[in-house]
Amino acid sequence: MPTYKPDTTTNKLILLFIFDKMEIPLTENSIMDICTNKNNWLKYMECKEYLSQLVEAKLLYCVQPHSNTQLYSITYEGRTCLSMFFQQIPISIREDITNFAKNNIQHIKRNQEYTSDYLKMSDGSYLNTFSIKDPHLQQSIFEIKMRFDSRSEAIDACKKWVDKAPEIYENIFVALINDN
């Protein structure tokens, strides 16, 4: 847990600072994972509450593009508020957030853009859906479905998708546009 005495205002500023440093819209799952699971900067229920309050205060905004996934991002007003009060965030936490953003932004971005899921079928096989989403619209620009014989194969394929998606997409795209 943090070494400072947490208060509501500082915690909301921490959340704004995370959005500022990540520089990409984030899903609620990504936000909760960053703030609570990976770093213990905020408590889970408080983080959900602050997220809602910051949206209500128009310091963050939420869009739900052509899918069920909501994306959150910082507003101009949120950046202005943060610039006036960011010094209330302890330096150690600001440094942690800055380092975390530098080291993890690509991974988080890929996890939001390259999604996969599996579903058990009535015949005992598993149907995986792999997709690549447009980072701004969170709408699929590529989707492929495949069957696997076992749950472990389906899970392994989902794990590999995040790293293999760009290569697979490129190979299929090239194969479809080449005349050879």
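User: In which helix is the place of I31?

Analyst: This is a predicted model, where local features need pLDDT of at least 70, side-chain atom pairs count only at pLDDT 80 or more, and totals for chains, interfaces and linings use all residues. Residues are numbered from 1 along each chain as its sequence is written, and side-chain values use heavy atoms, with hydrogens and water left out. Helices (H or I, at least four residues) and strands (E, at least two) are DSSP runs, numbered from the N terminus. With that numbering, the place of I31 is in helix α2.

User: Is I31 buried or exposed?

Analyst: Relative accessible area decides this: under 20% is buried, over 50% is exposed, and values in between are partly exposed (1.4 Å probe, protein chains only). I31 has a relative accessible area of 1%, so it counts as buried.

User: Which residues does I31 touch, not counting residues up to four places away in sequence?

Analyst: A contact means heavy atoms within 4.5 Å. With residues up to four places away left out, I31 touches L15, F19, L26, C47, L51 and Y72.

User: What covers the buried residues of α2?

Analyst: The buried residues of α2 are S30, I31, M32, I34, C35 and T36. Their cover includes α1, β1, α3, β3 (71-74) and α5.

User: How many disulfides does the count come to?

Analyst: A disulfide is taken as a pair of cysteine sulfur atoms within 2.5 Å. The sulfur of C35 has its closest cysteine sulfur in C47, at 4.0 Å, which is too far for a bond. For C81 the closest cysteine sulfur is that of C35, at 16 Å, again too far for a bond. The count of disulfides by this rule is therefore 0.

User: What is the relative accessible area of C81?

Analyst: C35, the residue with the closest cysteine sulfur to C81, is buried at a relative accessible area of 0%. C81 is buried as well, with a relative accessible area of 18%.

User: How many helices and strands does the chain have, and which pattern does it follow?

Analyst: The chain has 6 helices and 6 strands. Read along the sequence, these elements follow the pattern α-β-α-α-β-β-α-α-β-β-β-α.

User: What percentage of the contacts in the chain between residues at least 6 apart join residues at least 24 apart?

Analyst: The C-alpha atoms of the chain fill a box of roughly 60 × 35 × 30 Å along the principal axes. Of its 180 residues, 36% count as buried. Among contacts between residues at least 6 apart in sequence, the share that joins residues at least 24 apart is 54%.

User: How far apart are the mean positions of the positive and negative charges of the chain?

Analyst: Lys and Arg count as positive and Asp and Glu as negative, while His and the chain ends are not counted. Each charge is placed at NZ of Lys, CZ of Arg, CG of Asp or CD of Glu. The chain has 20 positive and 23 negative charges. Their mean positions are separated by 4 Å.

User: Where does E23 lie?

Analyst: Most residues other than glycine have a negative phi. E23 is not a glycine, yet its phi is positive, about 60°. At 64% relative accessibility, E23 counts as exposed. E23 lies in the loop between α1 (8-22) and β1 (26-27).

User: What is the relative accessibility of N40?

Analyst: N40 also has a positive phi, about 55°, although it is not a glycine. It lies in the loop between α2 (28-37) and α3 (44-56). N40 counts as partly exposed, at a relative accessibility of 38%.

User: How many residues apart are W41 and F100?

Analyst: Rings of Phe, Tyr and Trp (its six-membered ring) pair if their centres lie within 6.5 Å; planes under 30 degrees apart are stacked, over 60 edge-to-face and the rest tilted. The structure holds 6 such pairs, among them W41 and F100, edge-to-face at 5.8 Å centre to centre with 85° between the planes. W41 is in the loop between α2 and α3 and F100 in helix α5 (residues 91-113), so the pair links distant parts of the chain. The two residues, both buried, are 59 residues apart.

User: What is the angle between the planes of Y118 and Y126?

Analyst: Y118 is partly exposed, with a relative accessible area of 26%, whereas Y126 is buried at 10%. Their rings form an edge-to-face pair at 5.9 Å centre to centre, and the angle between the planes is 65°.
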